[in-house]
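Student: I'm new to this one, so please take me through it feature by feature. Start anywhere you like.

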Amino acid sequence: MRIQAPFQHPDAPDPFGRLWTPHRMVYIGGQDKPEDASARRCPFCAAPGLEDAESLIVHRGEAAYVLMNLYPYNTGHLLVCPYRHVADWTGASDAERIEIGRLTARAMEVVRHVAHPHGFNLGLNQGQVGGAGIAAHLHQHIVPRWMGDANFMPIIGKTKPVPQLLGDQRAMLARAWSHLPTTVDGVR
């Protein structure tokens, strides 16, 4: 049995099989977070002005739209955002709340069809202390879940492998969104 020195050469074999995710440092360091809470600095206000593939938009509704989460918790992690720069659920209009609800249900149908998850986490994180990464613009999370997806990687390794590129996921979800028949009360 070989015992490793505490300061091992960086090119030496690694018995822990580390999964390096340096791209996450952008998120951890806050480099993609808006400089202030204004609409002109808000990525959720900017996204609708870009091409769908560039901004990862899956579907555009009348009062709200659906896009991929740039820093997903799981494959297929979607966000539903109102177009209007509003921070809190209580500040959303009735039309925005209704459409966010409808788009959330449709997103679940589409993700079920494309990725076959066993369940979902749905949530609105309100305010920074409530967990909102971008607290100034309301957004609903739709996170697909599979049995066993909370395995040793996030618990021990503090790493979440996401096996599919966001652009590939967006293309599959956008295609299914427009072609998949809508269900009534979740029954086809």
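**Reading the model step by step**

Tutor: Let's begin with cysteine 81, which counts as buried at 0% relative accessibility. Buried means under 20% relative accessible area, exposed over 50%, and partly exposed in between (1.4 Å probe, protein chains only). This is a predicted model, where local features need pLDDT of at least 70, side-chain atom pairs count only at pLDDT 80 or more, and totals for chains, interfaces and linings use all residues. Residues are numbered from 1 along each chain as its sequence is written, and side-chain values use heavy atoms, with hydrogens and water left out.

Student: How much of the chain is buried, then?

Tutor: Of its 188 residues, 34% count as buried.

Student: What average pLDDT does the chain have?

Tutor: pLDDT is the predictor's confidence in each residue, from 0 to 100. Here the chain averages 82, and 72% of the residues score at least 70. Be careful with residues 1–5, where the pLDDT is below 50. Beyond near neighbours in sequence, that stretch has two contacts in the model (contact means heavy atoms within 4.5 Å).

Student: How many disulfides are there?

Tutor: A disulfide is a covalent bond between the sulfur atoms of two cysteines. With the cut-off used here (a pair of cysteine sulfur atoms within 2.5 Å), the count is zero. Take cysteine 42: its nearest cysteine sulfur belongs to cysteine 45 and is 3.8 Å away. Cysteine 42 is buried, with a relative accessible area of 2%. Back at cysteine 81, the nearest cysteine sulfur is that of cysteine 42, at 7.8 Å, and cysteine 81 is in no disulfide either.

Student: What share of the contacts join residues at least 24 apart?

Tutor: If you take the contacts between residues at least 6 apart in sequence, 60% join residues at least 24 apart.

Student: Which residues touch the most other members of the largest nonpolar core?

Tutor: In soluble globular proteins, nonpolar side chains tend to be buried together. A nonpolar core is a set of buried Ala, Val, Leu, Ile, Met, Phe, Trp, Tyr and Cys residues joined through side-chain atoms within 4.5 Å. In the largest one, with 24 residues, Val58 and Leu78 touch the most other members. Each of β2, β3, α4 (94–115) and α6 (166–179) supplies at least two residues of this core, and α4 gives the largest share, six residues. A second, separate core has nine residues, including Phe44, Ala47, Leu79 and Ile134.

Student: Where is valine 58 found?

Tutor: Look at strand β1, residues 57–60. Valine 58 counts as buried at 6% relative accessibility. Leaving aside neighbours within four places in sequence, valine 58 is in contact with several residues, among them Val66, Met68, Leu78 and Trp177. Valine 58 and leucine 78 are 20 residues apart along the chain, and their C-alpha atoms are separated by 8.7 Å.

Student: What is phi of leucine 56 near?

Tutor: Most residues other than glycine have a negative phi, and most peptide bonds are trans. Leucine 56 has a positive phi, near 65°. It sits in the loop between α3 (52–55) and β1, and counts as buried at 11% relative accessibility. Histidine 116 also has a positive phi, near 55°, in the loop between α4 and β4 (119–124). Histidine 116 counts as exposed, at 55%.

Student: Is asparagine 69 buried or exposed?

Tutor: Asparagine 69 is buried, with a relative accessible area of 10%. Its place is in the loop between β2 (64–68) and β3 (78–82). Not counting residues up to four places away in sequence, asparagine 69 touches His77, Leu79, His141 and Leu166.

Student: And in which loop does histidine 139 lie?

Tutor: Histidine 139 lies between β4 and β5 (140–145), and is buried at 7%. Histidine 139 touches, among others beyond four places in sequence, Phe44, Leu79 and Ile134, plus Cys81, where we began.

How values were computed:
Helices (H or I, at least four residues) and strands (E, at least two) are DSSP runs, numbered from the N terminus.
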